[in-house]
Amino acid sequence: MLTPYDTPHTVAHDGAPHDGVAQGVSHDAPQVLDRREGPYGEVVLRRHGALLQIIANGCFLMDTSDGRSERRLIDAALDALDDRAEPSVLIGGLGVGFSLAHAAANPRWGRITVVERETAIIDWHREGPLAALSAEAFADPRTDIVKTDLVAFVNETCDTFDALCLDIDNGPDWTVTEGNDSLYSSAGLTSCARALKPGGVLAVWSARPSPKFEGSLRNAGFRQVRTEEIQVARGVPDVVHLAVRPG
């Protein structure tokens with residue numbers, strides 16, 4: 001397992017190899033700003049040059065270097081909706097806050113619900129270094145932060161949304177957190193469909209395309225299934241998988 005002071009040579013959340021030479025990354029050792037032990041393991045916030053990075057159980061998750069694919073996740077879902085007024089959106093995973101901040105910046109969205117299971121990440125946004133990215137979105141009266149596991153929330157909620165924008169891992173074919181793969185299973189997609197209003201949109205972020213997941217979406221009854229690629233600085237494009245609940 002990598003320690004918080006190692007530089008993981010994995011694919012970063014922006015799709016670029018996280019090898020210490022990405023834009024804004026210093027060659028100096030990362031500075032750990034906070035480290036927490038929680039029910040899901042260790043979560044670390046560190047600064048590396050101009051970037052803030054989130055590390056979970058020694059695995060690099062994401063940083064503040066780009067965010068274009070996280071923002072596109074929100075826009076692609078909105079573009080796929082009909083012209084209903086003030087659609088509600090569930091954002092699965094707070095991360096560094098790109099998706100939330102982008103949604104809150106658009107007055108067309110109505111209720112914005114964010115599900116995040118890590119207390120540490122919520123704290124870093126409320127009163128820590130990540131507040132610089134998300135303070136306005138947190139203060140927006142449309143925003144509701146729910147501290148719970150996304151898989152459990154989708155399985156158990158009686159609420160429904162116009163859009164689900166899910167970004168809790170590296171994608172359907174490459175999960176790094178135990179239990180997240182169930183979200184992409186037949187049962188998980190059935191729960192997602194149940195949490196959507198008729199004609200609602202499911203948007204899933206992924207570090208790479210997944211034809212298998214497209215098939216799973218169709219088998220679960222979704223329509224208008226497609227995959228949108230988002231070019232990144234280096235490496236394969238990030239993608240957003242899109243599907244519409246019939247209704």
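**View 1. Ile55 stands opposite Phe60 in strand β4, in a model that is predicted.**
The two strands seen here are β3, residues 51–56, and β4, which run antiparallel and are joined by 4 bridges. They belong to an open sheet of 4 strands, whose order is β1-β2-β3-β4 and whose pairing is antiparallel. The strands β1 (31–38) and β4 (59–63) stand at the edges of this sheet, each with a single partner strand, so one side of each is left without a neighbour in the sheet. From one strand to the next, the twist averages 20°.

**View 2. A second open sheet is built from 7 strands.**
The strands follow the order β7-β6-β5-β8-β9-β11-β10, and their pairing is mixed. Which strands stand at the edges of this sheet? They are β7 (143–147) and β10 (223–230), and because each has a single partner strand, one side of each is left without a neighbour in the sheet. Neighbouring strands of the sheet are turned by 15° against each other on average, if direction is ignored. Helix α3, which spans residues 119–127, packs on the sheet and touches β6 (112–116) and β7, and the direction of the helix makes about 150° with that of β7.

**View 3. Strand β5 has both of its faces covered.**
In a regular strand, the side chains alternate between the two faces of the sheet. In β5, Val89 and Ile91 lie on one side, while Leu90 and Gly92 lie on the other, and all of these residues are buried. Strand β5 (residues 89–92) pairs in the parallel sense with strand β8 (residues 161–166) over 4 bridges, and here the bridge partner of Leu90 is Leu164. With β6, too, β5 pairs in the parallel sense over 4 bridges, and the bridge partner of Val89 in that strand is Ile112.

**View 4. Helix α6 packs against several other elements through its buried residues.**
An α-helix has 3.6 residues a turn, so residues three or four places apart point the same way. In helix α6, which covers residues 186–194, the buried residues are Gly188, Leu189, Ser191, Cys192 and Ala193.

**View 5. Glu86 and Gln224 each have a positive phi, at about 45° for Glu86 and near 55° for Gln224.**
Most residues other than glycine have a negative phi. Glu86 is not a glycine, yet its phi is positive, and this residue lies in the loop between α1 (68–80) and β5. Gln224, which is likewise a residue other than glycine, lies in strand β10.

Ser210 and Thr227 are 17 residues apart in sequence, and their C-alpha atoms are 8.5 Å apart in space.

**View 6. The structure holds 1 cavity of 30 Å³ or more.**
Rolling a probe the size of a water molecule over the atoms shows where empty space is left. The largest cavity has a volume of about 70 Å³ and is lined by 11 residues. Among these lining residues, Met62, Glu70, Leu94, Gly95 and Asp167 lie nearest the centre of the cavity. The lining as a whole divides into 4 nonpolar, 5 polar and 2 charged residues.

**View 7. The whole chain comes to 7 helices and 11 strands.**
Of the 247 residues of the chain, 54% count as buried. Among the contacts in the chain with a separation of 6 or more, 65% are accounted for by residues 24 or more positions apart.

Terms used:
Residues are numbered from 1 along each chain as its sequence is written. This is a predicted model: local features need pLDDT of at least 70, side-chain atom pairs count only at pLDDT 80 or more; totals for chains, interfaces and linings use all residues. Side-chain values use heavy atoms; hydrogens and water are left out. Two strands pair if DSSP finds at least two bridges between them. Axes are lines fitted to C-alpha atoms, for helices over the stretch in contact, and angles run from 0 to 180 degrees between N-to-C directions. Contact means heavy atoms within 4.5 Å. On a 1 Å grid over the protein atoms alone, a cavity is a set of points where a 1.4 Å probe fits but cannot get out, and a pocket is an open set with protein on both sides within 12 Å along at least five of seven lines; lining residues have an atom within 4 Å of a point. Grid points are joined across faces, edges and corners, and a volume is the space filled by probe spheres set on the points. Ala, Val, Leu, Ile, Met, Phe, Trp, Tyr, Cys and Pro count as nonpolar, Asp, Glu, Lys and Arg as charged, and the others, Gly among them, as polar. Buried means under 20% relative accessible area, exposed over 50%, partly exposed in between (1.4 Å probe, protein chains only).
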